[in-house]
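Hi,

Here is the structure I promised to pass on to you. Please open it beside this message, and then read my notes below.

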Amino acid sequence: MAGGGGVLPLPPAEYLRELAAALQEYQWLYEHRFVTFFTDGCYAAVPAQWQAAFRTASAAELRGMVFGAVREDWPPSLRAFVATCQRLGLRKHRAAPTDGAKPCSGVLSRNLCAKKVHEVERLAGAIEHVARAAPEGVEVVVDVGSGGGYLPTMLAHGYGRTVVAVEASQENNAKAKKRNAAIGKAVSGGGRVACLPVFLRPGMSAEDLKAVILSECGVALPPGASCLTGLHACGDLTPLLLQLFVGSAVFTSLCVVGCCYYKMGWPAPQFPMSRACAELGLDGGIGPRAAKLGCENAEKWGTMGAEEWAQTERLSMYRAVLEVVLRELYPDHGEELAVRGGIPTRHGVAKGDFGGYARHCLERLKVRRGDLSSSAINEPADAGGRVVASQPAAALAPAAPLPSHEELNARMADYAGQAHELMAWLTLRECVAPLLEGVFIADRVQYIAEHAPHAAAAVEVVFDNTVSPRCYAITAVKGTAEPKAS
């Protein structure tokens, strides 16, 4: 497992240095939100030679950049950019081995969509592989952020494991208990699932968690024989799991899939985690906007058909021109505006003209609070980390009367000729996206190397990324590697 398991192109510290050099050169691609393409004049940052090349590039040629395809007549600097993105991009095509993985089928797959079946089946197999690699074996698996208990029931009834399912949501805990009880009646033998309704706070130690599990669930975590896991451990949760792993002898094995890097508490005390990354100064240029771009599925962008490309172009133009209208009507609010119910993307008004789309949005505006990087409105949480009801949005007073349907369509016509430029710029961003995700993954693996030098750490592709784009598992087992030079 050493060296990143073949997913990282280079050892993590060296990989971070290469990423830092590339990302600092191309920071102009990820320092803006895509919706501000027109309001911030983002295309002006694209080199003039690149702009000239894109004027004659077809949609298929633009998409091809994601996979390294370039035209011979394109400028050397553009071809070098594409080559750099290919060289440093994470390798999603290498799927983790599934030898010995048990199928999530029958009662274990009841009420699960195909995506969730795929994730549970593949991650459970990876956890079992990691558990068997631990020198003292694994007696208890702790799944943090366990949701409806799908992974714990697979581990318990598919592999006979004792699992503690840690989940902050009381509703999810109730569902998990009900599901586990039903499966337990239908499957003979198997292990045990203990549900623990607790919110893990930053700074919580492994010893604290161990004590809570014993008092609330009656499950003792034996030193040197416990595994820590999480399926799409969101935002700050994955860094917290890594800190629990390296900070105590309680957990000797780890298998976690992170997601939603942009949902970390920005400015993010959890990024960078490693000393090597901090010394590169990446935290100065990588914030929530870059983290959100790092969650994009570049391969999906590159494989879009003509119809999907046209739909993406139309809706991207709608949203970017809407931002122009919003800034004109509400110049004092900037990025603070959001649409109640969300921006329409697929059905209803999204299929009509821009005038109908924009009027729908303008009539449902509210002031966004909290992290402006997310498309969702961040709701306040109580002392236990649970979401509470939001306060009514402040009344908005536009600087001018709301435009009519016809006036809005005319506004779109003003920008229609720049649609190809927008898609070229968005494609450049998709080329950079795997590098941004690589920063977060490599930083976390390097953190393990610096703080648990006897742990063999790796990055594995556990999911088919066309099914589940956040497909990387960070795995580690203590006591199976020689100390690494930091």
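Strands (E, at least two residues) and helices (H or I, at least four) are DSSP runs, numbered from the N terminus.

β8 pairs with strand β9 (residues 472-478) in the antiparallel sense, over seven bridges. Two strands count as paired if DSSP finds at least two bridges between them. In this pairing, A457 stands opposite A476 of β9.

**Before you go further**

Please keep in mind that this is a predicted model, in which local features need pLDDT of at least 70 and side-chain atom pairs count only at pLDDT 80 or more, while totals for chains, interfaces and linings use all residues. Residues are numbered from 1 along each chain as its sequence is written, and side-chain values use heavy atoms, with hydrogens and water left out.

**Helix α8**

Helix α8 (residues 206-217) has twelve residues and reaches 16 Å from its first C-alpha to its last, close to the expected 16 Å. That expected span is 1.5 Å times one less than the number of residues. Which residues of α8 are buried? They are A206, L209, I213 and C217. Seen down the axis of α8, the buried residues fall within an arc of 60 degrees, so they line one face of the helix. The arc is taken from the directions from the helix axis to the C-beta atoms.

The buried residues of α8 pack against β1 (140-144), β2 (162-166), β3 (192-196), α9 (237-246) and β5 (251-259). Contact means heavy atoms within 4.5 Å. Just after α8, G218 takes a positive phi of about 70 degrees.

**Aromatic pairs**

A search of the whole structure finds 15 aromatic pairs. Rings of Phe, Tyr and Trp (its six-membered ring) pair if their centres lie within 6.5 Å; planes under 30 degrees apart count as stacked, over 60 as edge-to-face and the rest as tilted.

F37 and W425 form a tilted pair, 5.2 Å centre to centre with 45 degrees between the planes. This pair links distant parts of the chain, 388 residues apart: F37 is in the loop between α1 (12-25) and α2 (48-55), and W425 is in helix α16 (residues 419-451). Both F37 and W425 are buried.

The rings of Y318 and F354 have centres 5.5 Å apart and planes at 65 degrees, so that pair is edge-to-face. Y318 sits in helix α13 (residues 306-329) and F354 in helix α14 (residues 354-362), 36 residues apart. Y318 counts as buried at 7% relative accessibility, and F354 is buried with a relative accessible area of 1%.

There is also one aromatic cluster formed by F37, F38, Y43, Y415 and W425.

**One tryptophan in a loop**

Leaving out residues up to four places away in sequence, W74 touches A53, A57, E61, M65, A69 and R79. The C-alpha atoms of W74 and A53 are separated by 5.9 Å, although these residues are 21 apart along the chain.

Happy exploring!

Conventions. Buried < 20%, exposed > 50% of the residue type's maximum accessible area, 1.4 Å probe, protein only.
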